[in-house]
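Let us walk through a protein model step by step. Keep the sequence and the 3D view side by side.

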Amino acid sequence: MDFLAYALSLAVNVAVVAAVVRRLLGVPVGWPRTILVSLSMFGVGRGLLDWITRALHLDLSPTGPFVAATGAVILLALAWLLAAQVIILAVLEAFVPTGTLPGPLTMLRSLPARRRRAVRYTSIVRIAASHGLGAYLRPVPTGTDVPDSKVARSLREALTDGGVTFIKLGQMLSSRPDLLPEAYVRELSQLQSNVPPAPWPRIRTVLERELGRPLEEVFDEIDEEPVAAASVAQVHVARLVGGDEVVVKVQRPDARRQAVADLDIVLRLGGWLERKTSWGRRLGVQALARGFARSLEEELDYRVELGNMRAVAEGVGRAGRPRVHVPRALDELSSSHVIVMERMRGRPVSAAGPILDRFSPDERRAMAEDLLGVVLHQVVVTGVFHADLHPGNIFVTGDGELGLLDLGAVGRLDRGARTSIGLLLAAVDRQDSLAATDALLDLLDRGEYLDDRRLERDIGQLILRHGSGLSAAGSAALFVDLFRLVIDHGFAVPSQVAAAFRALGSLEGSLRIICPGIDLVDAAREQGRGLVKATITPSGARDALEAQLATLLPVIQRLPRRITKITEDIEAGRLTVNVRALGDPRDRAFVTGIVHQLVMTALATACVLGGIVLVVAEGGPMMTATVPLNAFLGFTLLFFGFVLGSRVLVLIFHQHRTTAAALRSDWPR
C-alpha cells in the first residue's frame, strides 16, 4: 500500500512538474522526454535537498527561528531543479528536436520495417559506390571533377541496378531538362525496364482474381508467352469468347509491393539529400520525390490509365486525323491491375522499318504530319496530351494507321497555358520575337532577375536560326533549343508545361523514323498555324469577350457611383489614403515574435547580470544564520535569467526549423 501511494504521488508530481516545464519553454516539447527528465530530476532532487539542508545548516523544524526564510530557501532550491530541467530540455531541443526520433511505441512497431529499410539503404549505397557515385552522397561533394557524360552514364547504370522504382525515377528525371544538364537528360532517356516475364501460373492467378471468373469464360485463347515484359507489367495476346482479338496488360504480382517499399526509400532519401547536400537543396529533391511518388502510384492503378485513354481518345477523335487513334479499352474486363484493349496488328515505330518501307515518301510524310498534328491538337486545343511519346509507345499497322499506347503518363494544361502555347506557335510562324516573348512570359514563372530585352533578343535569334532555312538539319531541335533558352534565363518551368515541351521534343525521334526527311519546324509551323486559326477565331474571341464582360459588369455598374464619391471627397478635402504597414497577420506575428524575443533576451541578460552582482556582493542582512539575503536574491534573479534565456534559445531553434520547412515547401520547381 505504501509503495502504491509513493508511486501515485511520484506520478502526480512528475506530471505537474513536466507540465510546468513545458509551459516555461513555450514550445511543444515532446512529453516522453519531458517526463523522463522530470523523473530523473525527481530522483536527484531529494538527495540534493538533503545536501543543501546540511551544507547551509537549515533548521527544518516548525518552531525554528527562521521558518519563513528556510521555506523560501527550499522553494528556491526547488525552482533551480525546475531550471535544470528547462536547461536540459533546451539543450535537447537544440541538438535533437522533438519529432526527430520516434516515440517508444512507434519505435517498437516499426522495427521490422526499419530493418528492411536498413538492408535496402545498404544495397542502394553499395550500388551507388560501385558505380563511382559515393562522393555525391556527402554534404559537400568532393573529387567530382568528372565529365558530366561519365557521371550521367554511371547514374543510369546505378538506377538500372536499383530496380523498377529507380528506373521509373530516372525516366521521370529525364523529362526535367530544367533541372538536369543535357548529358544527364540524354543518358536517363535511355533507361529501359525490360525484365524476364513472370511465370504464367502467377499471371493467371492475377487475371482470374481481377476478372472474378475462370479465364475460359472470358477468352477463347490467350498466349501464355507475353509479347512484351517490363518491370511493372507484361502484355499477352488473347481472343475473346466472341472472337475479337485483344491484348491484355497485366500488372506483375509483386510490382506494387516492390514499388511501395522502394517509394518509402525514395521519399526518405529525398528528404535526407535535401537536408544534407547542397545540390539536393538546389534541385528541391524532396518535392521531386513527392511528385514522383504520386505519379508512380497513379501508374500502378490502371483505372487512372483507363481514364487517360478515354480522355486522349476523345481529343484524338476531335483532331480530325483518322489515321491516328487510341486503342479502345474494354472497361467491363479492366480493373486496377488489368487492362483489356483491342489489338492493333503491327509494330512499334522503333521496330517498324519493314512496315514503313512499304509506303512511299509522300505517304510517310503524311503519316508524320498527321501524328504531329494530333499531338499539337492535344497540347493547344484539348489540353490532355500523351506525355511519353518515345518510339516504343507509337504503333504502326500494316495499312498505315498509327496508335498511341501506354497512357500511364498523361499531361494536362489549363486554358491559359494552352492559349499561351498557341500564341507562341503563331509568333514563331510570323517570326515575331516580341509576341513570342510575351507568350513565354505568360506561360512560365519569370525569375527574379530576368532581363526582358536580352530574352527578346535571344528569342529573335532562335526564331531566325530555325526559320531562315540556313540550318535545315538542325531545325528539328527548335523545341529543345527553346527549352534550353528559358532555362538559361532562369524561368521556373511548371511541371505540366515541362511535360508538354518534352512531349513535343521527344516526338522528334518518332517522326524522324516515320519520315527521315521531314523538317519538323516547317511541319510544326504549318500544323500549328491551322490549329491557332481554329482556336483563335472571331467567334471564339467574341465568346471570350462576352464572358469577361459578364464578369466585369457588376464592377462597371458600380464604377460611376464610386467615381462620383471620390470627386466629391476631393472637392470637400475629405479624401484620405489609409496604408497599414503591417496589414498582413503573418507580418504582425513575425514582428511580435521578434519583439518578444528581444524583450526576453534583455530581461534574461538583466537578471543574470543583476544576480551575479548580488551573489558576489559582500555584507548585507542575513536571511538565516548561514544564508545572506543578497545571495538569495541573486540566485533568484539567476533562476529567472536562465529560464528566460532557455526559452529564447528554444524559440529561436523552433522558429528556424519552421522557417526552413516553409522554405523547402516553397522551393521553386
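Start with a helix. In α13, the buried residues (under 20% relative accessible area, with exposed over 50% and partly exposed in between, for a 1.4 Å probe and protein chains only) are Tyr302, Glu305, Leu306, Asn308, Met309, Val312, Gly315 and Val316. An α-helix has 3.6 residues a turn, so residues three or four places apart point the same way.

A word on the source: this is a predicted model, where local features need pLDDT of at least 70, side-chain atom pairs count only at pLDDT 80 or more, and totals for chains, interfaces and linings use all residues. Residues are numbered from 1 along each chain as its sequence is written, and side-chain values use heavy atoms, with hydrogens and water left out.

Now the length of α13. This helix covers residues 302–318, which makes 17 residues. From first C-alpha to last, α13 reaches 24 Å, close to the 24 Å expected at 1.5 Å a residue. The expected span is 1.5 Å times one less than the number of residues. Just after α13, Gly320 takes a positive phi of about 70°.

Helix α23 runs over residues 585–616 and has 32 residues. Its end C-alpha atoms are 46 Å apart, which agrees with the span of 46 Å that 1.5 Å a residue gives. Gln597, Met600, Ala604, Cys607 and Gly611 are the buried residues of α23.

Next, look at a pair. How do helix α15 and helix α20 cross? The axes of α15 (residues 361–382) and α20 (residues 495–514) come within 10 Å and cross at roughly 170°. Axes here are lines fitted to C-alpha atoms, for helices over the stretch in contact, and angles run from 0 to 180 degrees between N-to-C directions. The two helices are therefore roughly antiparallel to each other, a label for angles over 145 degrees. Residues in contact (heavy atoms within 4.5 Å) include Leu371 and Leu372 in α15, and Leu504 and Leu507 in α20.

Now visit a loop. Leu330 is found between β5 (324–325) and β6 (338–342). Leu330 is buried, with a relative accessible area of 7%. Leaving aside neighbours within four places in sequence, Leu330 is in contact with Leu240, Val246, Val340 and Met341.

Finally, step back. The protein chain has 24 helices and 11 strands. Helices (H or I, at least four residues) and strands (E, at least two) are DSSP runs, numbered from the N terminus. Of the 669 residues of the chain, 41% count as buried.

Key:
Parallel < 35°, antiparallel > 145°, perpendicular 65-115°, else oblique.
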